[in-house]
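Welcome to the tour. Please have your viewer ready, with selections and colours at hand, and follow along stop by stop.

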Amino acid sequence: MKDSPFLSNVLSSSAVSGINALALAIEETFEQQVKLAGLMPAQDFKNADLWDVDLSDSNLRGFDFSGADLRGATGIRVQWDDTTILDGAELSGSIFAAKFRLKIYFDTDTQANDLLESISRQSWSDKILWAGQNLLSSGRYHEFALPITEALFYQARNDDFLQAELMRYLAPRMRSMEELHDMLVAAISDEPKAAVVVRSAFHLIQRQHLTNATHIRQHALMLIKSSNRAIQEEAVRFLVRNRPTRDEINTIRTVAQFSDGFLAGVYVAEIARTLGGAYEIATRDPISNAPLPMKTTISPSGLNLIARRWLRAESSRNASDLTLPLVQRTGGGNYFSLEQIEQKAVKVKEIWEKMKIVGIEIGVEADALPSHDEEAN
Amino acid sequence: MVNGGTQYAVVVYLAGSFVVFRAGSRCPERERAYDIIAMIVSVEYVCRVTGCPLSNGIIMNYFSDDQNPLAQLIELKSSLVPKNETFGNFDLVVELRINPDEIEEDRIGTIRVELLEATLFADFSGLRVVPKTRHGQGETGGTARIELQREIVTSKTSETEKKRSADASLVASGVGPEGKLGLSGNLSKLNAETITLRESESSIEDFYPVRALSDDRWKIANREGGPLNTAFLDNDRLCEVSEVQEANFKGVVTSVAAKQKHVRIKLEQKASILAAPFTRNQQALMNIVIAKSLHERGQTSDYSGFLVFSQSTISDER
């Protein structure tokens, strides 16, 4: 006689504890979540289903991912080396794809490997010269030039100039769009010390029409949390200027809200820039021209200054000004009637009202005060 | 052996008891011995075919032990059926059913488990697979049927364009009617014929839901992918085996396993315990935790990226 025709309560108590611990670990890194779940890096990740996971800030040394599905796995500041086993794993679109492809190439071609070792010991200028000469079809080592230049590119992680230069050489020569995509993902994922490489990568992405590539956008979103302000700025610019999704805007907004004022300023400036010149002028400090914070109140006189600035920019007739956005114009009249200023101030407030949708809340000091009715309540 | 006078019988000590067989009558001594040997061989054969307990100690008997700890998801049974026509050969007959199911876990919620691909594998001891008897094996050498489609399209265009223009005018004069009639005609005819020959070649490969692989394995999959949900083998012959005579132990262990990435797991968590929806990382790691636990339910071996769901052991020892 069967106890029950249905399966119930078959999981071990350690599995249930692991799941409960995982359920609470929303913000933890992949590495921390693995520990909480009670999983063993050396055996539990073989043949695992890990597509699109975020491996940011995780140390993956000693993980055995053989046969695993790691397609589209993203992450920045991921630590992995030869002890991270990726044999037979599906890696397309992941942070591992480009470097693992190169590893297999150099493991199987000893001549190329010897050549790479000898060039790696040379100075940065010699490396650039070697790449420049041999990437040409007439180059002596042309057949090895592309993988060696790519390997030098990844090795030059701490040399921004060399990395940016090699990236410029490599991008037009990559064999397929997929390889180019993987190289750029790897470049962004490494989170270079200076923003120049990230900026170059984003330029290439735009030039190669890869701005909609999901994994590239995911990495850009991760770079918003970078400790490097210039990289943060590049990432926000890239995302907001290239058809951001509602989710992306919400993520940037949330990170900006809880970060220092710098990222919030970048967010306000980029959103306003996308919406147009009037929005830019309405969200800038009329004196310093710095973007206003995401949530702020300004004095009534400040509002009038913004209105006056807008009127002045609009009234400019300088030939050099007319081609510039409103916020960059310097000419224009200085005398406007009180009525004109008040009308413009109303429009500024209308713009502020609209910007509440994207989490930018700017008001006039008097507006922030509680009304008599509220006080009475 | 006891001489019974004019007629005699053979008494064989089998399975702890004496069994008497009538051997024949009035045979010379030597013929009698041959008869007895023939009788023993025949008894052995009958016992093999019928599984008669008399065979203990002389004739091989096989016993099955099916372990299906998650039988609601995967059920595997196997047996060795003797071949009537070839002594010492057996059909390995397997029953394999796979279907999605739900696991009710009081502590966390409902877990739906589906398999997208599985592997059936057999580990033979003292048995050898008879060539060309594996289930789900296409023609050797990878021959595929190639279908050649030839299409000849003949399109004929016959267009007759007739354009006539008539121009008539009548001029009247005072003298009398003076007629002037002009008529012009324009006729053109266009004939076109096009012959197009289209040839396409397509290779047709037979699809086997249970396909034989190397190393005594069979891959279980659906033609269009998707969850496995059918009886893949219903007492069908997986292969024919022959006994290796000199082997001390004879048997086969058949197992069904799936890689973790081919097991689709979905947890509908209890709102009271796990309210927030899982991120992709949480979902992926939770699936591994569940897969590992399901594996450990029926197996003593360590989890190593694949789950062994069921195991059926056939051996000549109880």
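Begin with chain B as a whole: among its contacts with a separation of 6 or more, 68% are between residues 24 or more positions apart. Keep in mind as you look around that this is a predicted model. Chain B has 318 residues, of which 24% count as buried. Its secondary structure comes to two helices and 17 strands.

**Stop 1: a sheet in chain B**

Select strands β4, β5, β14 and β9 of chain B. They form an open sheet of four strands in the order β4-β5-β14-β9, with antiparallel pairing. Which strands stand at the edges? Colour β4 (74–82) and β9 (127–129) of chain B: each has a single partner strand, so one side of each is left without a neighbour in the sheet. From one strand to the next, the twist averages 35 degrees.

Now zoom in on β5 (residues 89–98) and β14 (residues 230–243) of chain B, an antiparallel pair joined by 10 bridges. To find one of the residue pairs, pick Ile98(B); its bridge partner in β14(B) is Thr230(B).

**Stop 2: where the chains meet**

Show both chains together. Here 33 residues of chain A are in contact with 35 residues of chain B. On the chain A side, the elements that give two or more residues are β1 (7–8), α1 (13–24) and α2 (30–37). Which of them gives the most? That is α1(A), with six residues. By type, the chain A side divides into 19 nonpolar, eight polar and six charged residues.

Start this stop with β1(A). Two bridges join β1(A) to strand β6 (residues 101–105) of chain B, and the two strands run parallel. Select Leu7(A) and you will find its bridge partner, Ile103(B), in β6(B).

Next, select α1(A) together with helix α2 (residues 280–298) of chain B. Their axes are 9 Å apart and the helices pack at an angle of about 175 degrees. Angles over 145 degrees count as roughly antiparallel, and that makes α1(A) roughly antiparallel to α2(B). Show side chains for the contact: α1(A) brings Ala15(A), Gly18(A), Ile19(A), Leu22(A) and Ala23(A), while α2(B) brings Gln282(B), Leu285(B), Met286(B), Val289(B), Ile290(B), Lys292(B) and Ser293(B). These divide into eight nonpolar, three polar and one charged.

**Stop 3: a helix with two sides**

Ala112(A), Leu116(A) and Ile119(A) are buried here. Turn the view to look down the axis of α4(A): the buried residues fall within an arc of 70 degrees, so they line one face of the helix.

**Stop 4: a crossing pair of helices**

Finish with helices α15 (residues 300–315) and α17 (residues 338–355) of chain A. They pack at an angle of about 105 degrees, with axes 8 Å apart; α15(A) and α17(A) are therefore roughly perpendicular to each other. From α15(A), the contact takes in Leu303(A), Asn304(A), Ile306(A), Ala307(A), Arg308(A), Trp310(A) and Leu311(A). From α17(A) come Gln340(A), Ile341(A), Lys344(A), Ala345(A) and Val348(A). Coloured by type, the residues of this contact divide into eight nonpolar, two polar and two charged.

How values were computed
Residues are numbered from 1 along each chain as its sequence is written. Chains are lettered from A and ligands numbered from 1 in the order in which they are written. This is a predicted model: local features need pLDDT of at least 70, side-chain atom pairs count only at pLDDT 80 or more; totals for chains, interfaces and linings use all residues. Two residues are in contact if their C-beta atoms, placed from the backbone, lie within 7 Å. Ala, Val, Leu, Ile, Met, Phe, Trp, Tyr, Cys and Pro count as nonpolar, Asp, Glu, Lys and Arg as charged, and the others, Gly among them, as polar. Two strands pair if DSSP finds at least two bridges between them. A residue is buried if 20 or more other C-beta atoms lie within 10 Å of its own, exposed if 12 or fewer, and partly exposed in between; C-beta atoms are placed from the backbone. Axes are lines fitted to C-alpha atoms, for helices over the stretch in contact, and angles run from 0 to 180 degrees between N-to-C directions. Angles under 35 degrees count as roughly parallel, over 145 as roughly antiparallel, 65 to 115 as roughly perpendicular and the rest as oblique. The arc is that of the directions from the helix axis to the C-beta atoms.
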